Amino acid sequence: MSAIFFLIGCSVFIALIFLVAFFWANKTGQHDDTYTPSVRILFEDEVQEETETLPKES
Amino acid sequence: MIVSNTTQCYHCGDAVSHTVFEADGHRFCCLGCQSVYRILSSSNMQQYYRYNRHPGKKKSEVSTRYEYLDEATLTDKLIDFRNDEITIATFYIPSIHCSSCVWLLEHLYKLNPAIVVSRSDFLKKQVNITFKHTELTLRGLVELLVDIGYEPKITLQDVIKEGQKFSQKGLIAKIAVAGFCFGNSMMLSFPEYFGMGTFEAHYAKIFGWMNLGFSLPVLLYSGRDYFRSAWQSLRHKALNLDVPLALGIAVLFARTAWEVLSVSGPGFADTLCGLVFFLLVGRWIQQRTYHHLSFERDYRSYFPVAVTRLSEDGPKPVPLADIQVGDRLLIRNNEIVPADAILLNGQAAVDFSFVTGESEPVQKVLGEIIYAGGRQTGEAIELEVVKAVSQSYLTRLWNNEAFKPHELNFRTFSNTVSRYFTVVLLGVAFAAMVFWVFAGDTARAWGAFTAVLIIACPCALALSSPFTLSAALSIFDKNRFYIKNTAAIEQLAAIDCIVFDKTGTISSPAASRMRFEGNLLTDELALVVAACKNSNHPLSRELVKWAAPNVSGSVPVNQYCEVAGRGIEAVVANRSVRVGNAAFTGVPSGGGTGSRVYVSIDDEVKGCFLAEQPWRENLHVVLGELAAGCHLHLISGDNDKEKALLRGIFPPQADLLFHQLPVEKMEYIQSLQAQSHRVCMLGDGLNDAGALKQANLGIAVSDDINNFSPGCDAILDGRSFVKLPRFLRFAKDAVKIIHLSFGISLTYNLVGLSFAVNGTMSPLFAAVLMPLSTVTIIGFTTVATHLYATKNQLIKRQ
């Protein structure tokens, strides 16, 4: 029966971890810019870009 | 060589005709675009052109000088951080508009190795750059940005950086805490709602205690703003909506604590947490901001940061605040006169269009006073300051009463309702209590009293305004009408009188029409076009744009000379061509409307080009529709040469006032308000700033929303001017939706009350009714707002 107290304790503890994680994310400005990263992730890598611009030899 | 007219500039996408600007097989519309391409291609950065077609923006014709960035006193205020090696600075760059911009600004290190890292923020249109200041100065960095077409906007308001940073972080943290407690207390309340067996009864006590624990941070941290606001409202002897809300929260907590401590029931902890959570979400929705727009601009963002002062050791840039009476200033072409000053040297032709609305540059003679705010066109002039910047004719306006931040005397719907609501609520609660006391059931009397305050807590009512208005706000936003806050939408719905400014508001400065008066053969026109192509003057560009389709082929220009502020002198195909103002071409000065460009070929005057400011598209239709519900008036700082024309467009009872000073405009609005009109002012310039602020709703009309627009309640993109009547109708509909959702939430309250007055309300009933009414309101307002937006053709039908 006391297992239920243990489980409730665990669930509240885990929820607290998430709450603290949210506070940390909020404080370090991770929600300040929610748009630009979606643009940034689509940029090609430099290496690829250079192989593409090489003239084709055939 | 004849190039087809349909070619687009590789950089900016403008139409290219007869271009000489080419590189790597790409065509460009002007030298500016070509040079940006050259810079990028030399650093192997053509990728910029791969993410989007024509990602560039044409460089502005007005070039700014950045010598002042070498002055340490000024730059200290601009940068965020500096140590021995690196400097970090953030710039606002209005021209950020696509993914190519983000790519380029984040790969600045390829252009200059001294740039360590740069990070851009697309929505705020900002870029944060870390660079080694030993290798690259701040001025060098800014000039690099200008060279690649991303000119940062540096204004006095940035330098002063006051009240700019508005943070929602506190509110978000409160929502997080309330949400956390809401979820947990709901989990702990479920066993109670589903019914517990007698052998589980000892859990109920523990769960009750935990619930009470979760409701504490909600009461003390998340919900404390409601108590503060309710207290302030009571002190001002007013009853805003936060009073019944705070009362509801307090009673919920008190009854929960009582039930848990006396082990008489499960309490209402989940309802309390849910209530505060939903209320805070509503508040958060209401507080959305436009990152890239500023509604609080004053003259400081229009004026330059620094100005060139002439002293014994030559010209030197100094911050504007250091300018004193008696200083000698050097004002170059296209620079703004920052303080009232006397002309000492040079030919002054000052463009006061932004200050007075007068569209033609004013010629000044030596010894005359030039008022601050004018833009010098032509050669550099020398001035002696007679009044400090803050005491000048124009800036003095901001010391006027109307510019002091004043409390809005406008009552939003929810404020009006809440007064009666609170009184009725308390009346019902006390009546129920008194009834049960006389019936001899004291326990039930308390139960009924608290139940009434809990169930009638106007949560749904408090949410109906924010959800409706923020949905409306985003619809306005999509239609390029940017409103400062939700209260302004209710103001817009109440407007019954609209006052227009003329220049830039009902006339469009961007697309002026040209026509020619006189005699000019087609091949002579070709000569004029060939000469004008070399000039960057707005009128020359306009002329070329207008005349180019009528001219085929290009004519070589042998000699070219531009006299700033006067005209162009060129030898084209061995004929001498002079294009410019009356004096320059040898014409006795003539009056008439619009800007005139005279042409003489081989010293024979051929006639003149007339640039007229056209009215905005469908102006008469817009005014016709608006006149149906509002009084319309016009108030302009310009002269009255177009009065007869405007008389025909405006309704017969409209006032048409001309030659109005900024202060007179403001007083005119005041006089309309004294006749108990609710006035909306549409303007664009600094001269309208007073009227915009004085009006119940000030709308700044702007053709480029990133340009300077004076302090106002809303910014309207010139392209959406046609939609103005629809905006008004939609604002009225939004208020109608608020009334309807108020009706819905009141119905819920009445249903709940009928249980509450009997003192038979169970915690489960409250826990279901409260979220149910909230969800209904959110759903209804969202759907209704979209239906009305479709009806007003502000969103397309799916």
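Two residues are in contact if their C-beta atoms, placed from the backbone, lie within 7 Å. The views below show a predicted model, in which local features need pLDDT of at least 70, side-chain atom pairs count only at pLDDT 80 or more, and totals for chains, interfaces and linings use all residues. Residues are numbered from 1 along each chain as its sequence is written, while chains are lettered from A and ligands numbered from 1 in the order in which they are written.

**View 1. The contact between chain A and chain B.** Chain B contributes 14 residues and chain A contributes 14 residues. On the side of chain B that touches chain A, the elements giving two or more residues are α4 (99–106), β5 (115–121) and α7 (169–194); helices (H or I, at least four residues) and strands (E, at least two) are DSSP runs, numbered from the N terminus. The most is given by α7(B), with 6 residues. By class, this side of chain B has 8 nonpolar, 4 polar and 2 charged residues, where Ala, Val, Leu, Ile, Met, Phe, Trp, Tyr, Cys and Pro count as nonpolar, Asp, Glu, Lys and Arg as charged, and the others, Gly among them, as polar.

View 2. An unreviewed UniProt entry lists residues 6–25 of chain A as "transmembrane region"; UniProt positions are given in the numbering used here, feature names are shortened, and annotations may be inferred rather than shown by experiment. In the model the span is 100% helix and 0% strand, and its end C-alpha atoms lie 29 Å apart.

**View 3. An open antiparallel sheet in chain B.** The order of its 6 strands is β8-β7-β9-β15-β10-β13, with antiparallel pairing; two strands pair if DSSP finds at least two bridges between them. Because β8 (314–319) and β13 (369–370) stand at the edges, each with a single partner strand, one side of each is left without a neighbour in the sheet. Strand β10 (residues 341–345) pairs with β15 (residues 381–385) over 4 bridges, and Asn345(B) stands opposite Glu382(B) in β15(B). The antiparallel pairing of β10(B) with β13(B) runs over 2 bridges, and here Ile342(B) stands opposite Ile369(B).

**View 4. Helix α1 of chain B and its packing.** This helix (residues 31–42) has 12 residues and reaches 16 Å from its first C-alpha to its last, close to the 16 Å expected at 1.5 Å a residue; the expected span is 1.5 Å times one less than the number of residues. Its buried residues are Gly32(B), Cys33(B), Gln34(B), Val36(B), Tyr37(B) and Leu40(B). A residue is buried if 20 or more other C-beta atoms lie within 10 Å of its own, exposed if 12 or fewer, and partly exposed in between, with C-beta atoms placed from the backbone. The buried residues of α1(B) pack against β1 (22–23), β2 (26–27) and α2 (48–51) of chain B. After α1(B) comes Asn44(B), whose phi is positive, near 60°.

**View 5. The loop that holds Gln653(B).** Gln653(B) lies in the loop between α23 (643–649) and β25 (656–657) of chain B. Gln653(B) is exposed because 9 other C-beta atoms lie within 10 Å.
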